[in-house]
Amino acid sequence: MLYLNNKLVSKSKALISVFDHGFLYGDGIYETLRAYNGVVFKLDEHIDRLFRSASMIGLTIPKGPEAIKKTVYTTLRANRQKEAVIRITISRGAGPIGLDPGLCRRPTFVIISNKFKNYPEQYYQKGIKVAIVNTCRNFRGALNPAIKSLNFLNNILAKREAKDKGAYEAIMLNYRGHLAEGTISNIFFVKDNILHTPETGVGILDGITRKSILDIARESGIEINEGRFKKEDLLNSREVFISNTTMEVMPVSHVDGTKIGTKKGNITKLLHKAYKKEVADYVKNH
Ligand code: PDD
């Protein structure tokens, strides 16, 4: 079952118009959330970001934050899922052909909940390969990556390049050659025992997992450098990992075919363990 506009419907009945501007133009926004043991982790943070994305594209979400939170749980429970990946998608809605958002009377609101399938354990043990791709991350002044938009071609083109190079994730630079982020993840690296990650000003999504990791690092007394970095900084580091809601902390073993320091470095391990503890505490308290 999934939630479409105002009700739960079966997958086969969940149909939207071919005139939906989400389909025609990628005009809309989304969030991906993770439920652990029936509790949706950092639900408030995801709903806040959903509303931020909406306001950045001038979209009025047809429900309030509390109603959306309830609906997320309604969908999760209707599917009897405890471990799940939930996606909230809101498009501009159906309207005549034409770019004007005013042509669409009502946004389309969808919540999908799927059983969470773990990434292969070997990814966490051995690390994944990433490739620094030629596709630049969208320029902030054109389509701000801080908007979690349905307009995903930038990321898809980068992903295609990574796949062609035999890498699992693509790392994009911004138009000035500064490290930005992955196609669905933020990037971190450790050098001289300092945790580095691109600052949001380079044009990235302000990841919710990224923020947790930075908070954990701060509390653990790990020095942090949020800044502007080059491809070489990544290649010359001791540890590299990527983060997002579903992967949590995923170690990287190779960047462009170059082996990185240790397969799962000490700081990466510490951060992932602490992240899992944060999840466990959150689940206990909600
Ligand atoms: N992606 N950067 C990009 C471009 C992303 O799409 C994502 C998340 C992140 C990490 O954000 P967070 O930690 O809040 O999940 C960074 C989700 C998982 C997705 O596209 O499904």
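Predicted model: local features only at pLDDT ≥ 70, side-chain atom pairs only at ≥ 80, totals over all residues.

Q: OK, back to Asn 37. What's its phi?
A: Phi of Asn 37 is near 45°, a positive value in a residue other than glycine. Most residues other than glycine have a negative phi.

Q: And how accessible is Asn 37?
A: Asn 37 is partly exposed, at 48% relative accessibility. The cut-offs are under 20% relative accessible area for buried, over 50% for exposed, and partly exposed in between (1.4 Å probe, protein chains only).

Q: Which other Asn has a positive phi?
A: Asn 193, with phi near 60°. Asn 193 sits in the loop between strand 10 (186–191) and strand 11 (194–198), and counts as exposed at 60% relative accessibility.

Q: What does Lys 82 touch?
A: Leaving out residues up to four places away in sequence, Lys 82 touches Ala 35, Tyr 36, Asn 37 and Gly 38, where contact means heavy atoms within 4.5 Å. Lys 82 itself is in the loop between helix 3 (65–78) and strand 5 (84–91). Its C-alpha is 4.0 Å from that of Gly 38, and the two residues are 44 apart along the chain.

Q: Switching to aromatics: how many pairs are there?
A: Nine aromatic pairs turn up in a search of the whole structure. Rings of Phe, Tyr and Trp (its six-membered ring) pair if their centres lie within 6.5 Å; planes under 30 degrees apart count as stacked, over 60 as edge-to-face and the rest as tilted.

Q: What about Phe 41 and Tyr 282?
A: That pair is edge-to-face, because the ring centres are 4.9 Å apart and the planes are at 80°. Phe 41 is in the loop between strand 4 (39–40) and helix 2 (43–56), while Tyr 282 is in helix 8 (residues 266–284), so to speak a link between distant parts of the chain, 241 residues apart.

Q: Buried or exposed, those two?
A: Phe 41 is buried at 5% relative accessibility, and Tyr 282 is buried too, with a relative accessible area of 15%.

Q: And Phe 139 with Tyr 175?
A: Edge-to-face, with centres 4.8 Å apart and planes at 65°. Phe 139 counts as partly exposed at 43% relative accessibility, and Tyr 175 is exposed, with a relative accessible area of 53%.

Q: Which residues form a ring cluster?
A: Ring pairs link Tyr 36, Phe 41, Tyr 275 and Tyr 282 into a cluster.

Q: Zooming out, what's the secondary structure?
A: The protein chain has eight helices and 15 strands. Its radius of gyration, taken over C-alpha atoms, is 19 Å, close to the 19 Å that the globule rule gives for 286 residues, so the chain is as compact as a globular protein of that length; the rule is 2.2 Å times the number of residues to the power 0.38.

Q: How much of the chain is buried?
A: Of the 286 residues, 53% count as buried.

Conventions: Residues numbered from 1 in each chain as written. Heavy atoms only, no water. Helix = DSSP H or I, 4+ residues; strand = E, 2+ residues; numbered from the N terminus.
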